[in-house]
Structures are given as C-alpha cells and as structure tokens.
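Please walk through this structure with the sequence and the coordinates side by side.

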Amino acid sequence: MSSPPAHPQSLVRTGAKAGFAFAGSAIKGALIGLFLGGGVFFYYLSQLQGPGIPAARAGGAGAILALIMSPPLLVAVLLSLFVGVYFLLGVQRGRARAMQHLVAARGEAVSQRLGDAIAGRIEAMPRTHGGLQRVADWLSPDALCQQLAPVLGEGRAVRAVVGFVLGRLPLSDMLAEWQQERAAHGATTPATGEDPALRALLTRRIHEVLQEMATPSRKLFYIALAAQAVLLGVGLWLVR
C-alpha cells in the first residue's frame, strides 16, 4: 500500500525547515572560515618579517621573486585556502542537516515510494541470464523523480536525493539476496506481479541510505583543523 501524497503545506513547511537548516550551517561555515581561516592567515602574515626570509629585506626585483617562490609565502597561500575550505564544510553540513528534516518528515514515504518504483522496474525486466544484474542501467533518476513528486515535489534537490540513493544502493547484492531468499523458500511471483518481499527489502535498504545521508559528520572539519594547525606550525618554523 503506497503512502498518500503529501499536503502542499506540509511540503512547504518541510522545505522551509530544510532551507533554514542549510542556510544556518552555510553561514556558520562562512563565519568559521573568516574568523578561524582568515585569523590564522593574517596572524601568519604578521610573522613573515622574521629572520627565516632574509630575501624579503634584500631589496630589488630578485628579492621580490625570491619572496614569491619562498616556502613561507607558499604556506601563506595554502593557509588562505582554509577560508574556502571551512565555508565548503559548512555547506556540506548544511545539506546533511536539511536532509535530516526531510528524512524525519517524509523519510518513510520516500523510502516506500522509491522502493516501489525500483521494484516495478525490476519486476518488468526479463528474467534472462544476467538481465537482473543490469538493472542499474535501466533506472533513470528523472523517471524516479516523477514518481516521487507527490511526496517531495520537484526540483534539483529531489534529483540529488534520488541520485545519491541510486549511487549508494548495492543493487547487485540486494538482487542476489532476494533471489536466494526466493529460491530457499520456493517463493513464486504473485498474480499481481508485485513481490512484497522485494519491496520490503528495497524500502529498508533505501531508508538506511537516507539515514546515512542525513547524518552530519564532523570528521572532515577536524581533519581540516588538524591540517591547518600542522601547516601553521611548519610556517612558523620556516620564519623563525
């Protein structure tokens, strides 16, 4: 039994919450980039008059060229890139937080609709040797988005969700698992042509993928923070 279409106002509320969550994280990423990335960069620039770069005080065009090619200045350039890195990490976290709202509000309906759509494609495929293994080539994100429109509406964000799910869903392994279960239990396809076991398997695995997509991770932030600290340490050592 498919989920009823979402009320337009419900879609608007969910979209608004997701949009605010995305914007909040993106703004936070920009602020971290300005204060942490920019602050470290300008602090390091203030240290570039140290004894480690005598070419900066030699004068002349040769000194300017030597300074441009010097390791301390290259470190400064790399440190400046962290302003953008922190902003991009904020955008990535914003997408995950937006997905959290989407999964919380319509996750089960999306999983069921998308599972039914994929199962319908699988059931319509010929049972030739190796035919089911090519099911991923038969799945069109655009066609699946049309079937999800009553639940999520339309737009690039919906297509991104469908594309992410198709990219992470281990269809070959799932089909092998489904066929093994059918063979073990001697199952036959119902007269309607719809296999409830296949739909349940797809719905469960799609929901797991959506949960993974909606789980924000700070791992990349900590990696960037550690890389910035190491780079600053190397730069300060060079200009001692």
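What follows covers aromatic pairs, then a helix, then one arginine.

The model is predicted. Start with the rings. Across the whole structure, a search finds four aromatic pairs. One of them joins Phe82 and Tyr86, with 6.2 Å between ring centres and 40° between planes. That pair is tilted. Both residues sit in helix H3, which covers residues 71–124. They are four residues apart, about one turn of the helix. An α-helix has 3.6 residues a turn, so residues three or four places apart point the same way. Phe82 and Tyr86 are both buried. Tyr86 has a relative accessibility of 2%. It counts as buried because the cut-off is under 20%.

Tyr86 also pairs with Phe221. Here the centres lie 5.8 Å apart and the planes meet at 55°, so this pair is tilted. It links distant parts of the chain: Tyr86 is in helix H3, Phe221 in helix H9 (residues 219–238), and 135 residues separate them. Ring pairs join Phe82, Tyr86, Phe221 and Tyr222 into a cluster.

Now turn to helix H8, residues 196–213. Its 18 residues, at 1.5 Å a residue, should span 26 Å. The end C-alpha atoms are 26 Å apart, so the span agrees. Buried residues in H8 include Leu198, Leu202, Ile206 and Val209. Arg199 and Thr203 are also among them.

Finish with Arg159, in helix H6 (residues 156–168). Its relative accessibility is 40%, so Arg159 counts as partly exposed. Beyond its neighbours within four places in sequence, Arg159 contacts Pro141, Asp142 and Cys145. Arg159 and Asp142 are 17 residues apart in sequence, yet 7.1 Å apart in space, C-alpha to C-alpha.

Conventions
Residues are numbered from 1 along each chain as its sequence is written. This is a predicted model: local features need pLDDT of at least 70, side-chain atom pairs count only at pLDDT 80 or more; totals for chains, interfaces and linings use all residues. Side-chain values use heavy atoms; hydrogens and water are left out. Helices (H or I, at least four residues) and strands (E, at least two) are DSSP runs, numbered from the N terminus. Buried means under 20% relative accessible area, exposed over 50%, partly exposed in between (1.4 Å probe, protein chains only). Contact means heavy atoms within 4.5 Å. The expected span of a helix is 1.5 Å times one less than its number of residues. Rings of Phe, Tyr and Trp (its six-membered ring) pair if their centres lie within 6.5 Å; planes under 30 degrees apart count as stacked, over 60 as edge-to-face and the rest as tilted.
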